[in-house]
Structure formats: C-alpha cells, structure tokens
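Notebook open, model loaded. I'm jotting down what I looked up, one item at a time.

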Amino acid sequence: MNETLVTLLKILLIYGGLINVAALMTLAERKVSAWIQFRIGPNRVGPWGLLQPLADGVKFIFKEEVVPEGANKFLFRIAPMLAAIPAMLTVAVIPFAGEIRIPELGTFDLPFFGPTELGGITTTLSITDLDISVLFILAVSGLSIYGIILGGWASNSKYSLLGSLRASAQMISYELTLMLSLLSIVVMTGSLDLREIALAQGTIGQWHIWTQPLAFVLFVIATFAETNRHPFDFAECEPELVGGFHTEYSSMKFALFFLGEYCAMTVMACLTTTFFIGGFSVPFWPDAPWFVQLPAFMVKTAFFLFLFIWVRWTLPRFRFDQLMGLSWKWFLNLALANLFLTGLASALGWF
Amino acid sequence: MVIVKRKELNWYERLYLPEIFRALSLTFRNMFKKNITRQYPEEPLPKTAVTRGQPRLLELEEGSLACVSCGLCEAACPAYAITIDGAETENFIEREPKRFEIDMLRCILCGFCEEACPKDAIFMSDELELAGFTRQGQVFGIDKLRRPRAALQKRIDYVYRINDRWRNSSSTQ
C-alpha cells in the first residue's frame, strides 16, 4: 500500500513536471527566438508572458475541429495520441535523483484501505527502475513514428503524406545512429540500467562526454533528427510542405502533436544528460542529497533543451538527400567505428 | 553561359562543426543585444514635423473654421473621400461648411487637400490611429475634424516653411 501510494505520487509529480516543462518549452521557444532576432517575444499574458502556454491551451481547446473529407476518421483521431503517448511513456524510467528517505508519518485511517502506516521507506526519484531501461526507452520512443505516419496518411492530403514519408525515412535512419552511439556507453558501463549509467559518472572526470566525445556528438545530432527539430525538421518543413504531417490537423489534436514533440525533446535532453554529463550527479559533491541532485539534473537538462532551441534559430534546414547521405554515409559508419573501438578497448581491459 | 566553379572544401571545412559553432556563438551573442521591438500601444510611434497623418480642419481663435467651403480639396482628393456642403454665415468670413465629411476609410493620407487649400484651413495632423466598429463611424464630420491651432502648429510651421522655399526660389519673382 505504502509503495503504491509513493509510486502514484511520483507519477503525478513527474508527469505533471513533464507536461509543464513541455508547455514552458513552447514559451521558451518563442522567447529565445525573439531574443536571437532582437525582438521581445510574448510578454502580454502574465509576468514575462509566463501564462502564454495557458492562453494557447485555452485557445486550442475552443478552436473548431476540422476532419478533412476522405480522411480515415479513426486513424486521424488516434494519430495524435500515438504521437504523444510514447514520448510521455519514456520519462517513466529516467532517474531524476538518487535515493530519497521518506520519514515515518504515522498511521492513518484511509478510506478503502483501513489503518495504514505511511512513510518510513526509501525510494528513488524515478517512476520505475528497470534493468533494461535503455532498451525500454529506445523501443518506446521508436513507436512515436507511428503517430506521424498515420497522421500524415489518414489526413488524405499530399502534403501530409509527403511529410510523414520523409519523417519515417529520417527517423528510421537516425535511430540507427542513436542506438549505436548509446551502445558504446552501454559497453563502457556494462549495464542497460540508466540509474547505473548515471551512478558510474559520479565525478566530472568520469562523465562520458570526455571518454566518448564522438558518441556524444553523434547522439546529440541524432536526437535533433529523432525529435524532428531543426535542422532536420523535414516532417514539418513549412516552406515546402505547408505544415507537413499536421497540415490537416486543428484544435487540440494539433496541440497534442506539439505536446508530443516537446515531450520527446524533454526526454531526449534528459537522456543526453544521463548518458553523457553525469545525470543527477552533482559536480564536486559525490554524495549530495536528492534535493541538490534534482536541481543539478534540471540545470543540465535545461541546457540541452536550450540547445534544441538555440540550434533551431541558428542553422538552416538540410536538403533531404543531404540528410540521408549524412546519416548513412557518415554517422552510421562513425558510430559503428566508435562502437568497434570501444568494444576493442573494453576487451583489452582499458576501462 | 556561366560556369560556376565551386570551391573544393578541405577536410576541416567539410567537418562543418567549427562553422556551426561559429554560427551558434553569433546567435548567442545576439541574444544579449538591444531589442528593436517597439511596444506599440504603450510606446507610441515617433511623430515629427513631417508626419503626415489624418487630415484635420483648422479652427480659428474665434471658434469658427478657417474653411470657406470652396471645394478645392474635394476636387483634389484622388480617393473621393471628402464631401462638402457650403453655407452663408453672418461672420466676417461669409462662408463656412455646413457639412464637411472625410471618409477616413477612403482617405489615403496623400496630403493633396492640404496642398490644394487656398485658405490654409486643412492640415495633415499627426494623428495616425484609426479604429472603430462600424464603417459609418469612420466618416468624420466637422465635430470630429476641428482642431485648435496649437494641435496642428508643428505641421503648419512645416508647411509654411516648405511653401516659402518654393516662393523664394521661384523664377517668376
């Protein structure tokens, strides 16, 4: 009972946090883009425009929902959910902080459960700690492509179809690089558990960004492609495809696609943090308590989230053949070579 | 025919990463530069002597209009925005407009009425804002158009200065 309550509480906290971060990212995107272009950005709703995501949400809810004629109604409706849910699911295994000791709170008389002792257990700040959380994340995040493909196909529109075709080709190509660059970390750590990977980087010197710089660069670039962000946003590609796979979507369905995209970005930033810059470990303070580890994790993640926006407003979009060439001719080979060298070094017992 | 020879890139340039970092540093520095956004309703547009806003009628000190309803501005108006009905009065200036209407939705702020006016009675004010809920509401009558001399002084001085320049440089003088 106690465990269940704690897990429920963690689910509430972490999902609430994730949705809030995703909402704030839409604001941050507009703010940072404005600053880069010498503008001010949204500043009318709330202080510094902080309530802008709320206003956007209210607007989205009241918008008319248009289902195009000839669209496959069922798939059209289910596609935004398929795009958003996998991105949100992956956050379940990310370790946000180390162990938390919940103090004894005494016995309470709960409805349905009778008298229950609350508190007095040690837990970790992640919804669940899987042994194979890396595999789980890669498998589930790969599912989000179905939402984009189905959304594009079910809309009965050529722009949407082209957008989703591009997106699928791109995501499949870059998933290889993503996984292969992660595998070299897994080889080094000898574990598929994200928490152990984070714990293996207790000090700054142990961060995998120093031991695996190539994997870091490949992983970061692949996350941009995986989340359909600039300079690889071929799924949307406004000047060529109107809006890409979500051309025909309106109202909350459209918002759900974007929620999924921003959730995926947040998760990818969390993953980069965990894999390469020590996760929740605090620099120069190896056994920091959880309430220091959590902000440390958030600061590191915030940097990568900022990087997503920063790159978007800096680099122009690739051409599609360049994108494919980059993936298959360069990144895949580099990632394979990196994995091979890491395996060789591991077999020789260098680390 | 033009043959464009593309520059062969060396391996360092083909990496692209150094250039990407240069671009990123540029955008990052730009984030801290001064914003050029004007917060419009709170921060009004700059108004100078040459600002050519909506036309307004000059009201003399004794409270009557300088306009004698000659109809020259009506004739000069390229957008047919002005409608004038004249009438006789007991004042020293014996004519004044009974009806003087400018359809602000038609007005293109060209300033021809100001140039055409022989009595210096209509001037382009520095008022630029125009908003309303009906089209009828945007047809401004005398009550909405009359302005005291002080409100138009900047534009009046400017127009006199420009006209003087023309007079002084005229070959017929």
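I started with Asn43(A), which counts as partly exposed because it has 15 C-beta neighbours inside 10 Å. (Buried takes 20 or more other C-beta atoms within 10 Å of the residue's own, exposed takes 12 or fewer, partly exposed is in between, and C-beta atoms are placed from the backbone.) This is a predicted model, so I kept in mind that local features need pLDDT of at least 70 and side-chain atom pairs count only at pLDDT 80 or more, while totals for chains, interfaces and linings use all residues. Residues are numbered from 1 along each chain as its sequence is written, and chains are lettered from A and ligands numbered from 1 in the order in which they are written.

I found Asn43(A) in the loop between helix 1 and helix 2 (52-62) of chain A. (Helices are DSSP runs of H or I with at least four residues, strands are runs of E with at least two, and both are numbered from the N terminus.) Leaving out residues up to four places away in sequence, Asn43(A) touches Trp48(A) and Gly49(A). Contact here puts the C-beta atoms, placed from the backbone, within 7 Å. Lys31(A) is 12 residues from Asn43(A) in sequence, and their C-alpha atoms are 8.9 Å apart.

Next, helix 1 (residues 2-36) of chain A: how does it pack on helix 11 (residues 290-312) of chain A? I get an angle of about 45° and axes 10 Å apart. (Axes are lines fitted to C-alpha atoms, for helices over the stretch in contact, and angles run from 0 to 180 degrees between N-to-C directions.) The two helices are therefore oblique to each other. (Under 35 degrees is roughly parallel, over 145 roughly antiparallel, 65 to 115 roughly perpendicular, and the rest oblique.) Helix 1 brings Met25(A), Ala28(A), Glu29(A) and Val32(A), and helix 11 brings Leu305(A), Ile309(A) and Trp310(A). By class I note six nonpolar, no polar and one charged. (Ala, Val, Leu, Ile, Met, Phe, Trp, Tyr, Cys and Pro are nonpolar, Asp, Glu, Lys and Arg charged, and the others, Gly among them, polar.)

Then I checked helix 4 (residues 133-154) and helix 5 (residues 158-189) of chain A, which pack at about 175° with axes 8 Å apart. The contact residues divide into 12 nonpolar, seven polar and one charged.

Last stop was chain B, with an open sheet of three strands in the order 2-3-5, paired antiparallel. (Pairing takes at least two DSSP bridges.) Ile102(B) has Phe140(B) of strand 5 as its bridge partner.

Conventions: Contact = placed C-beta atoms within 7 Å.
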